[in-house]
Amino acid sequence: MKVGDLVRAYELGPIGIVVSPCRRSTPMDNHKLGVMYHDVHPVVEVLFRDTVSVWDIDQLELVSENR
């Protein structure tokens, strides 16, 4: 996933836009995601409506790629 891709969260209905490049999760990201402190996950920041939040890329469905 890259900046500008349109994604949908599996448990949410609205479509969001990726606003950060894919990166490794930090301990703060892991706290927000509810996973173990030392786990490493590929994450991106996604804008859904008016909030930006961190999401594991495995929880997102790619709707449309940015060209």
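Student: Leaving aside its neighbours within four places in sequence, with which residues is aspartate 29 in contact?

Tutor: Please note that this is a predicted model, in which local features need pLDDT of at least 70, side-chain atom pairs count only at pLDDT 80 or more, and totals for chains, interfaces and linings use all residues. Residues are numbered from 1 along each chain as its sequence is written, and side-chain values use heavy atoms, with hydrogens and water left out. Contact means heavy atoms within 4.5 Å. By that rule, aspartate 29 touches Arg23, Arg24, Val43 and Val54, neighbours within four places being set aside. Aspartate 29 belongs to helix 1, residues 27-33 (helices are DSSP runs of H or I with at least four residues, strands are runs of E with at least two, and both are numbered from the N terminus).

Student: Is aspartate 29 buried or exposed?

Tutor: Buried means under 20% relative accessible area, exposed over 50%, and partly exposed in between, with a 1.4 Å probe and protein chains only. Aspartate 29 counts as buried because its relative accessibility is 5%.

Student: How many salt bridges does the structure hold?

Tutor: Side chains of opposite charge can pair when their charged atoms come close. A salt bridge is a side-chain nitrogen of Lys or Arg within 4 Å of a carboxyl oxygen of Asp or Glu. The structure holds 4 of them. One of these joins arginine 23 to glutamate 45, at 3.6 Å from N to O. This pair links distant parts of the chain, with arginine 23 in strand 3 and glutamate 45 in strand 4 (residues 42-48), 22 residues apart. Salt bridges that share partners also join Lys2, Asp5 and Glu65 into one network.

Student: Which distances separate the closest N and O atoms where lysine 2 forms a salt bridge with aspartate 5 and with glutamate 65?

Tutor: The distance is 4.0 Å for aspartate 5 and 3.4 Å for glutamate 65. Lysine 2 lies in the segment before strand 1 (6-9) and glutamate 65 in the segment after strand 6 (60-64), so the pair ties together parts that are 63 residues apart in sequence.

Student: What does the side chain of aspartate 56 make a polar contact with?

Tutor: A polar contact is a pair of N or O atoms within 3.5 Å; within protein, one must be able to donate a hydrogen and the other to accept it, and residues adjacent in sequence count only if both atoms are side-chain atoms. The partner of aspartate 56 is the side chain of histidine 41, at 3.1 Å. Aspartate 56 lies in strand 5, residues 51-56.
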